Number of protein chains: 2
Amino acid sequence: MMTGAEALLRTAAGHGARVCFANPGTTEMPLVAALDQVPGIRAVLGLQENVCTGAADGYARIAGRAALTLLHLGPGLANGLANLHNARRAHTPVLNVVGEHASWHRPYDAPLTSDIAALAGTVGSVHGVTDRAAIAKVTRAALQDAHARPGVATMIVPADFQGEAADEEPSDGEAPLAAARRQAALERVEAAAAALRRERERAVLLLGGNGLSRAAQRAAGRIAASTGARLYSETFPFRVERGGGLPSIDRLAYFPEAAAAALADATVVVAAGAAGPVAYFGYQGVPSVLAPPGTVRQLAGPRDDAEYALQALADLVAGPGSPAAPGEPGAPGDAPPPDTPLSGPVVGTALAAWLPEQAIVSVEGGTCGYPFYAASACGPPHTVLTNTGGAIGQGLPCALGAAIAAPGRPVIALQSDGGGLYTAQALWTMGRERCDIVVLIAANHAYGVLRTELARHGQSPAGSQATRLTSLDDPRLDWVALAGGYGVAARRAATVRQLERAFRQAIRDGGPHLIEMAIG
Amino acid sequence: MMTGAEALLRTAAGHGARVCFANPGTTEMPLVAALDQVPGIRAVLGLQENVCTGAADGYARIAGRAALTLLHLGPGLANGLANLHNARRAHTPVLNVVGEHASWHRPYDAPLTSDIAALAGTVGSVHGVTDRAAIAKVTRAALQDAHARPGVATMIVPADFQGEAADEEPSDGEAPLAAARRQAALERVEAAAAALRRERERAVLLLGGNGLSRAAQRAAGRIAASTGARLYSETFPFRVERGGGLPSIDRLAYFPEAAAAALADATVVVAAGAAGPVAYFGYQGVPSVLAPPGTVRQLAGPRDDAEYALQALADLVAGPGSPAAPGEPGAPGDAPPPDTPLSGPVVGTALAAWLPEQAIVSVEGGTCGYPFYAASACGPPHTVLTNTGGAIGQGLPCALGAAIAAPGRPVIALQSDGGGLYTAQALWTMGRERCDIVVLIAANHAYGVLRTELARHGQSPAGSQATRLTSLDDPRLDWVALAGGYGVAARRAATVRQLERAFRQAIRDGGPHLIEMAIG
C-alpha cells in the first residue's frame, strides 16, 4: 500500500525534486514518515520556517529547479512568507507543501485553523488537495506550475489524505522539470536591434533575470561593442555571473536620484530580463519611473528567456561570432594593507582579492555588499545572489540553499548584521548539513540604511527614540557567541590581516564558519 | 504643523496606547521621527517582527488594552503573523501600524510591494488609510475596533500620508480604551442555572476567556459548591489567575482521548468564556467534538464577559455571598531534593515551590509546562499565560510584553527549547529594556511533542530522516551562548540545587536572566 504522502513524494522525486527544507508539525507526520520510505529526497531541518523558504529560493537559483518546503499549517507558512516574497520577486520555482487539518476536522475551527490559501495566494499559486484521489495529480500540477511560470506554488494537503492509501499511481520516473522561460518573439528582437542601431551611444541595455548568465553577458558585450550601447544590470538580480573576463556591468544605483541620473540621457532603454526600472521607494519630488518617459522597450520580461533573446539580438546587430567588448582583464586590485581597519570598502576590496574560483556569494545589505560588487568584476568567475524582494533575512538562508545545491562550490554569505538577525537560525542548519559556507557579518551594530533614511528626514539627536530604533548596540550583539550557540565555529576580525587569516582558514577547513567583522 | 504620523500617534496616545513594539523600515520613517515629537508612547525595538507582535499580545493580556506594533510593509507584517494568529485566538486587542509605499508610488510594483490587506485579513480587521485627511479618524476606528471585538486590527498607512501635514485634529485626551466584553443575556444565565440544578454532579462548567479571572474563578467555586458541578478550564487560556487560595481547576487534557474521557459522563457542559471543546488535531477514529453530543451550552463566548456571567450565575444558584468550595489550602509541595536531576515533573514541582508572589508565568511547551501548571495551584497568587493559537515562538515575546505591561511583577518564561528557537531574538529586547524576566529553557534537545506524534505513526528508527527532523541535537544548541550573544546573562542547571541557586539569584538581581535546564 502506498500512502498519499508517499505518492506526493514519489511524484515530486520523479519530476526532479531532491531536497525538502522542512519544519513540520503534527499535521505533516505522514509526510515526515514517508521521507524514509521514498528514496531520493533529502530532508533538511530549519529551526524557523523563513530559513526553509529562503533556502528553497537559494537552492532553485543555483539548481534551476524547485526544492520542496514542508511547513506546518497557516502559522508555519506565515513564518516563511517573507522569503517566499523574495522568491516571488526572484521568479524562482519553489514548491511549498503545507499540511492542513484532516478534512473532516477542518470545520471545527481548532486553534491552529486559519486561511492558508489566503496567505499562499500573496506569493504565488495555490493548489489545494480536496480529494484523496488527487494527491499525485495535484503534486504534478503544482510542480509544473512552479517551473512553468517560474514562481512559488503552494500545495495544501490535509493530514488524512497524507496518511490514507493513495488511489492512484505516482508519476514516477518522468523527466525532471527545470525552470522554463518563454522565448521572446522575433519582432521584439528586430525592434530592439533597430532601436540600438539608431540610438547607438544614447541607448542603454538593462539586463536582469537570466540575462545575467555568462552567455547572456557575453552576448550583451557583443551588442555593446557593435552598437555603442551602455550596459547596466538591474539593482538586485536573483543570480548574476561575475568575473572570469566578463564585461564589468554596473548595477543601477539603489537611490532613485543616482539611478535616474545614469539613465537621464538615454533615448532608449532596452530591458532584457529586467522590468522597466522604478524607484525602490517613493520619495517626495523624485519620480517613480527612472528612465526618461517613453524610452523603455521590453526585449524580454523577467520571466522570459533573456539569454536567448540577447544572443539573437547580438547575432542580428553584430553578426554571429562577432567579438565582444573586452571584458575586465587581469586580476582584481590587491587587498588593502594588513593593518587597515575594516570598513565596507576595505572588506569589499579584500574579499574580491581573495575570492576563490567558482565561489557563490550571497549578498545581503549594502555596507560591504556594494563595494564588493564593484570590486569583484575583475576577479575569478563567481556567482552573486542578491535580495530580490527587500524582505530582510534572506542572505543566510539563501546561502544555505545554494550550498545544498552546489556542494562542490565554496559559498560566502556577505551579510549585514541587522538583516542577519532575522534568520540567524540558518547557522544551525549550516552546521548540521556541514555546508562549506563562510559567513562574513558586517557588524556596524546599526540598521545602516535606516540611518541614511533618517538623515533624509532631518537627523535625530543621539539617544532619541528614533536613533535607538536604528541601533543594535544596547546590548551589543555578539555574533561569535550566537554562532557558537548554533554550533558554528566563529572568530572576530578587526583588521585586514585578521580577516584574511580567518577567511583563508575557513575556506581551507571547509564546513561552516562565521567571522564577525568589526566595521568602523 | 502636525504631520499625519504625529496625528496617528497623538490619537493612539489619547486613547490609552503607551507602547509601540517596533521593527520599522524606510516607509515608516515619518512615524519613527514622530515618536520623538509625541509624548507618551514608548518605542520598543524587536529584531524580528514576531517578537513585536507576540509582545503586543502579551502586553494586552496583562494591561487589558492594545499596544501598537510598527511593521514594515507586507514582509514585515508577514514575519509577525504567527504571533498575531495567537493574539487572534487569545482575543487580545492589538493595533498593527503597517507602512505602505507612498500612495503615488504603489502602482509601480516596486520590489517590496505586496498585498498587505490580504495578509492582515487572515488575523483580524483591516483599516486602510486611503485619504490624507483620514489618518486620525482611521486610527480611532481601528483602535476602537481592536478593543470592541476584542482582537487584532491592522492599519495600512502610506508613507506620504505619514509625512504630510494632517488636515484634522487628533482626538487628544479622550478616555483610554479597554478591552470591552459583551454581557451575557439574562436568559442564558437562567438557562444555565436550570441545567446545573437539574444535572448537578453530571454537569461540567468549562471556563475560558475572562472566566479565568480571580473573581470569575471564585464565582465558579461558589457554583460548584452549590450544585456539585465539576470545573474545568480550557486547555490554553490567554490568561489565568492561579494560587492564593483559588480552587484548583484542571485544564482539559491536550490529547483528545483524555479530554473526551474527562467529559464522557457529563450530561451538560456549560461553557463560560470558552468555545465548545474540540480536539486540537484530528486523529483517525477519534471524534473532533470532545463533549458528548448535545451537551454544550454557551453561557458566555470567548469574547463575552464570562466573569460577569459567572458572578450572575453564582448569585442565582448559590445566592449572593454564598461560600465557595474550599480553595487549595496551604503551600505547594516542597521542591524535590537538591541532588535530583532535572526533568519536566521535577522542574514543575520545584518552580511551584519557589514561585514569587504575583509572578507572571509565560508557558510554552508541555515538557515542564504541564507539570508546573498542576503543581502551582496551591502556590501564591500568580498569573499564567499560555500559547492560545499553537503558533510556536510565542512564549518569549509574550513574556517580554507582559514585563513591559507590569514592571513591578516578576516574569518567568517557562519555555521549551524547540519553540524558543523561533523567536530567540526576544532575549535581546529583554536585555535592552532591562526587563525582570527569568527565562527557563527546558533543553531536551528535541521537538518532544513531535516524538510523541511520530510514535503514534509507529516509531521511526534512530538516524532516520524522521528522527532527525525531531532532533535539535546535531549540532547541540547552546542556550547559554545564544543568550550571551543577545546580551543576556545565562547559566546552566542540571540539578534542583543548581536550578534553585540560579533562579533565586536571578530573581534577586533583577533584569533578564536565562537558565538552560538540562532535561533528562
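Before the details, a word on conventions. Residues are numbered from 1 along each chain as its sequence is written, and chains are lettered from A, with ligands numbered from 1, in the order in which they are written. Because the model is predicted, local features need pLDDT of at least 70 and side-chain atom pairs count only at pLDDT 80 or more, while totals for chains, interfaces and linings use all residues, and side-chain values use heavy atoms, with hydrogens and water left out.

Let me begin with confidence and with the two copies. The model scores ipTM 0.97 and pTM 0.97, and chain A averages a pLDDT of 95, with 98% of its residues scoring at least 70; pLDDT is the predictor's confidence in each residue, from 0 to 100. Chain B can be laid on chain A by a turn of 180° and a shift of 0.0 Å along the axis, with an RMSD of 0.0 Å, where copies are superposed by least squares on the C-alpha atoms of residues with pLDDT of at least 70 in both. That is the relation of a two-fold axis. The copies meet through the same surface, because 100% of the interface residues of chain B are also interface residues in chain A.

Next, the nonpolar core, by which I mean a set of buried Ala, Val, Leu, Ile, Met, Phe, Trp, Tyr and Cys residues joined through side-chain atoms within 4.5 Å; buried means under 20% relative accessible area, exposed over 50%, and partly exposed in between, with a 1.4 Å probe and protein chains only. The largest such core has 214 residues, and those with the most contacts inside it are A:Phe21, A:Tyr486, B:Phe21 and B:Tyr486. Which residues does B:Tyr486 touch, not counting those up to four places away in sequence? Taking contact as heavy atoms within 4.5 Å, B:Tyr486 touches residues of chain A, including A:Leu421, A:Pro475 and A:Tyr486, and residues of chain B, including B:Leu47 and B:Trp428. A:Pro475, one of those partners, is joined to A:Asp474 by a cis peptide bond, with omega about 0°, and A:Pro475 is placed in the loop between helix 18 (465–468) and helix 19 (479–485) of chain A; helices (H or I, at least four residues) and strands (E, at least two) are DSSP runs, numbered from the N terminus. In chain B, a cis peptide bond likewise joins B:Asp474 and B:Pro475.

I turn now to the aromatic rings. Rings of Phe, Tyr and Trp (its six-membered ring) pair if their centres lie within 6.5 Å, and planes under 30 degrees apart count as stacked, over 60 as edge-to-face and the rest as tilted. By this rule there are 16 aromatic pairs over all chains. The rings of A:Tyr280 and A:Phe281 have their centres 5.3 Å apart and their planes at 75°, so this pair is edge-to-face, and both residues are buried. In chain B, the pair of B:Phe255 and B:Tyr283 is tilted, at 6.3 Å centre to centre with 50° between the planes. That pair links distant parts of the chain, the two residues being 28 residues apart. B:Phe255 is partly exposed, at a relative accessible area of 24%, whereas B:Tyr283 is buried, at 11%.

In chain A, one aromatic cluster is formed by A:Phe236, A:Tyr254, A:Phe255, A:Tyr280, A:Phe281 and A:Tyr283. A:Glu453, in helix 17 (residues 448–456) of chain A, is buried with a relative accessible area of 2%. Leaving aside neighbours within four places in sequence, A:Glu453 is in contact with A:Tyr254, A:Phe255 and A:Tyr283, and also with B:Thr26 and B:Met29 of chain B.
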